[in-house]
Amino acid sequence: MSNNSQSMSFNAGQAKGQTQEKASNLMDKASNAAQSAKESLSEGGQQLKQKAQGATEAIKEKTGLNK
């Protein structure tokens, strides 16, 4: 292989490695964002559930159904 061909091959390999690394980093960021969104939704769901339970208890007390 000529020196020029070896250099081009080396550069192509470097570019491929850099592209793979960038893609891996983007996938990690996307995964982290998805996990964060999942956790936020779960927390929001728990808060909503607690508020609904509190409202149910308040209605039961007002109507006398909690006896």
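This is a predicted model: local features need pLDDT of at least 70, side-chain atom pairs count only at pLDDT 80 or more; totals for chains, interfaces and linings use all residues.
Residues are numbered from 1 along each chain as its sequence is written, and side-chain values use heavy atoms, with hydrogens and water left out.

**Overall form**

The chain has 1 helix and 0 strands. Helices (H or I, at least four residues) and strands (E, at least two) are DSSP runs, numbered from the N terminus. Along the principal axes, the C-alpha atoms fill a box of roughly 90 × 10 × 5 Å. The radius of gyration of the chain is 28 Å, whereas a compact globule of 67 residues would have one near 11 Å. This radius is taken over C-alpha atoms, and the globule rule is 2.2 Å times the number of residues to the power 0.38. After α1 comes G64, whose phi is positive, near 80°.

K62 and K29, 33 residues apart in sequence, have C-alpha atoms 49 Å apart. For I59 and M27, 32 residues apart along the chain, the C-alpha separation is 48 Å.

**Surface**

Buried residues make up 0% of the 67 residues. Buried means under 20% relative accessible area, exposed over 50%, and partly exposed in between (1.4 Å probe, protein chains only). The accessible surface of the chain comes to about 6100 Å², of which 54% belongs to carbon and sulfur atoms. The table gives some residues with their exposure.

| Residue | Relative accessible area | Class |
|---|---|---|
| K62 | 77% | exposed |
| I59 | 54% | exposed |
| E57 | 39% | partly exposed |
| K60 | 32% | partly exposed |

**Charges**

The chain has 9 positive and 6 negative side chains, and the centres of the two sets lie 5 Å apart. Here Lys and Arg count as positive and Asp and Glu as negative; His and the chain ends are not counted. Side chains of opposite charge can pair when their charged atoms come close. A salt bridge is a side-chain nitrogen of Lys or Arg within 4 Å of a carboxyl oxygen of Asp or Glu, and the count comes to 1. K60 forms a salt bridge with E57, with the closest N and O atoms 4.0 Å apart. K60 and E57 are 3 residues apart in helix α1 (residues 3–63), so about one helical turn separates them.

Notes: Accessible areas come from the Shrake-Rupley method with a 1.4 Å probe; for residues, only the protein chains shown count as cover. The place of a charge is taken as NZ of Lys, CZ of Arg, CG of Asp or CD of Glu.
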